[in-house]
Amino acid sequence: MERAVRGVLTGPPATDRRVGVGRRAPAPRPGVTTREAIRPMDVNAPRKHDDEHGHALRTHYDEHGYARLDRAFPATAAAEMAGAVWSALARKHGIDPKRPSTWTPAQPGGLGRLSKVGVFDRLGSPAVVAAIGALLGRQDWPRPGNWGGPLVTFPTPGPWEVPTGGWHLDFPARGANGVGLLLKWLGYLAPVGRGGGGTVVLSGSHRLVARFLREAGEAEPGRSPAVRDAVFGMDPRLRDLRGRPEVTVSGIPVRVVELTGEPGDVVFLHPHLLHAPAPNRSGSARLMVTGGLLV
Ligand SMILES: O=C(O)CCC(=O)C(=O)O
């Protein structure tokens, strides 16, 4: 069980809306009207500027440890996936989407079968496949057995605060039993606004993890609790980011970013980026998908 890191990272988070790559409207290009330049992307159409777009994604990912791809898979597919999650919630927990009084427990489980039967596989759209290729710098990455499992958080009362516990890596940084996590993603099935239970990440922490691994040497397996404690121990300010939007540690800017999104958006995470579940203080259910590439 992971020990909570007390007092860590309380305070207003950044929101990825301000720093994400894909959210920005592209700059108008010569011969293209502004209206045309900002037209929503057809996720199934080949992109004219794949290289440019892939490069921007990769640059953000390398620097911050995550990168956002808006409208990565069709919003209609996201709505159908959300419908399947609600049906499973009704079957397993007697939950009615229209009656918030039935929305318990706050983080319902028992939804694993949805992944096994491929409910979320349309998340693996051509745009997502292209983005993963750009982030990994290769196209021959092994396709996942499924594209993830559901994350559901119902609203609970209280102020929204940066979580003090739950910060983790999904997989030991140096892998386990010859298996490693190559890349991770979070997909949105329904709108998740600020304070709405979206995952929080410690932007830039993957670079501090790299520093820790370098200094600790090859024998250090990089298990989640050890990595987390090492990173949060690198600078006393990391134990309390109250009121600090950003802290620079060994020249690396790090900050808490709350990942918000719209149905069909996908955020890719570096496998060494520290992240945590966050409370949902909105009026709606937080419906997302989490998945990753194991090699
Ligand atoms: O947002 C959440 O509930 C946490 C997600 C998470 O930790 C994960 O996908 O590994």
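Predicted model: local features only at pLDDT ≥ 70, side-chain atom pairs only at ≥ 80, totals over all residues.
**Exercise 1. Which residues touch the most other members of the largest nonpolar core?**

Residues are numbered from 1 along each chain as its sequence is written.

Step 1. A residue is buried if 20 or more other C-beta atoms, placed from the backbone, lie within 10 Å of its own, exposed if 12 or fewer, and partly exposed in between; a nonpolar core is a set of buried Ala, Val, Leu, Ile, Met, Phe, Trp, Tyr and Cys residues joined through C-beta atoms within 7 Å.

Step 2. In the largest such core, which has 68 residues, those touching the most other members are V85, V128, A131, L135, L189, V266 and F268. Helix α6 (residues 126-136) gives the largest share of this core, seven residues; helices (H or I, at least four residues) and strands (E, at least two) are DSSP runs, numbered from the N terminus.

Step 3. For V266, with neighbours within four places in sequence left aside, the contacts (C-beta atoms, placed from the backbone, within 7 Å) are L69, A72, F73, L123, V128, W185, L186 and G187.

**Exercise 2. Describe helix α4 and locate its buried residues.**

Step 1. Helix α4 (residues 75-93) has 19 residues and spans 26 Å from its first C-alpha to its last, close to the 27 Å expected at 1.5 Å a residue, where the expected span is 1.5 Å times one less than the number of residues.

Step 2. Its buried residues are A78, M81, A82, V85, A88 and L89. They line one face of the helix, because they fall within an arc of 120° when α4 is seen down its axis, the arc being that of the directions from the helix axis to the C-beta atoms.

Step 3. What covers this buried set includes α5 (113-116), β3 (149-153), β4 (181-188) and β10 (286-294), whereas T76 and R91, on the other side of α4, are exposed. Just after the helix, G94 takes a positive phi of about 65°.

**Exercise 3. Find the buried residues of helix α8 and the element they pack against.**

Step 1. In α8 (residues 224-232), V227, R228, V231 and F232 are buried. Seen down the axis of α8, these residues fall within an arc of 120°, so they line one face of the helix.

Step 2. The buried residues of α8 pack against α7 (205-216).

Key:
Contact = placed C-beta atoms within 7 Å.
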